[in-house]
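Hello,

Here is the structure I promised to pass on. Please open it first, then read my notes below.

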Amino acid sequence: MPNQPYRLLAVYYDQFFEAHRAWLEGARRKILGHILPRTSIACDLACGTGTTALVLARRGIKMSGVDASTSMCRIARKKARRAGVNVQVLHADMRNFRLPEPVDLVTCEFDALNHVPRKQDLDRVAQAVARALRPGGHFFFDVNTRRAFKKFWPSTWWGERPGVAVCMHGGYDRHRDKGWSDVELFIRKGKLWQRARERVEEVAWTGAEIRRSLRSAGFDKIRAWDEAPFVRGEWKLPAGCRTIYLARKAT
Ligand SMILES: C[S@@+](CC[C@H](N)C(=O)[O-])C[C@H]1O[C@@H](n2cnc3c(N)ncnc32)[C@H](O)[C@@H]1O
């Protein structure tokens with residue numbers, strides 16, 4: 001199966017994946033509440049369709065967004081243009097991206113960090129983020145835990161919107177320590193429906209592995225929160241399935 005995750009899915013992403021916006025907004029308010037007022041320049045890593053970058057840009061923060069999917073970048077640029085908001089969107093990989101100037105904050109939301117191909121890529125991302133930050137700058141991100149992959153990814157999820165339906169089903173591969181999800185899209189083309197498939201894979205790490213990578217990249221103050229208390233609405237998330245981190249680059 002040819003796989004370019006978030007090529008087609010990017011087009012329908014905002015229609016199906018909106019629920020996390022409110023809870024991540026709440027997490028940002030609580031965890032970054034004292035940091036955002038002192039943030040003048042930031043980057044949203046693996047920015048997807050650019051929603052978080054737009055939210056932060058509207059606060060007056062000079063924003064860039066980085067994503068490895070050309071479709072996501074195109075949509076993010078279009079959204080920013082339509083909103084009349086200035087966001088510089090860079091097509092790059094989170095393992096080796098470079099920004100034109102140092103930033104105060106890097107965000108990487110909705111388990112985007114888990115998307116790297118290999119477990120050891122975490123070190124490269126941590127180093128690239130550290131390079132992008134000014135000393136004392138912060139890295140804010142959330143991850144799926146192994147528990148989430150074992151508990152939720154084997155189930156099937158189905159959603160419908162006008163002219164498109166999505167079915168996701170997957171599992172956890174313990175040999176590779178990865179969750180996988182086959183995303184089947186059914187897209188109406190006139191009177192017919194076209195079927196397409198993309199596979200999303202995500203790496204699992206323990207908290208200790210994440211802290212080790214961050215420390216060796218030069219982050220000195222690392223805090224973590226269970227994401228469950230932030231999750232509201234139709235999603236019911238038990239404790240231990242998602243974790244939010246805030247790490248400070250040493251001064
Ligand atoms: C679950 S989406 C999250 C998007 C966005 N952060 C949000 O909150 O909706 C994961 C994103 O990570 C991007 N991505 C996956 N691997 C990447 C990589 N190696 N470097 C940069 N972006 C990547 C995908 O293209 C996709 O936009």
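A word on the source. This is a predicted model, where local features need pLDDT of at least 70 and side-chain atom pairs pLDDT 80 or more, while totals for chains, interfaces and linings use all residues. Residues are numbered from 1 along each chain as its sequence is written, and side-chain values use heavy atoms, leaving out hydrogens and water.

Back to Asp44. It sits in strand E1, residues 41–45. (Strands, E, at least two residues, and helices, H or I, at least four, are DSSP runs numbered from the N terminus.) Asp44 is buried, meaning under 20% relative accessible area with a 1.4 Å probe, protein chains only. Asp44 also touches Thr52 and Ala53, among others, not counting residues up to four places away in sequence. Touching, or contact, means heavy atoms within 4.5 Å.

Thr52 and Ala53 are among its buried residues. H3 covers residues 51–58, and six of its eight residues are buried. Gly60 follows H3, with a positive phi near 100 degrees.

Now the whole chain. It has seven helices and 11 strands. Buried residues make up 54% of its 251 residues. The C-alpha trace spans about 60 × 45 × 35 Å along its principal axes.

Best wishes

Terms used:
Buried < 20%, exposed > 50% of the residue type's maximum accessible area, 1.4 Å probe, protein only. Lys, Arg positive; Asp, Glu negative; His and termini not counted. Salt bridge = Lys/Arg side-chain N within 4 Å of Asp/Glu carboxyl O.
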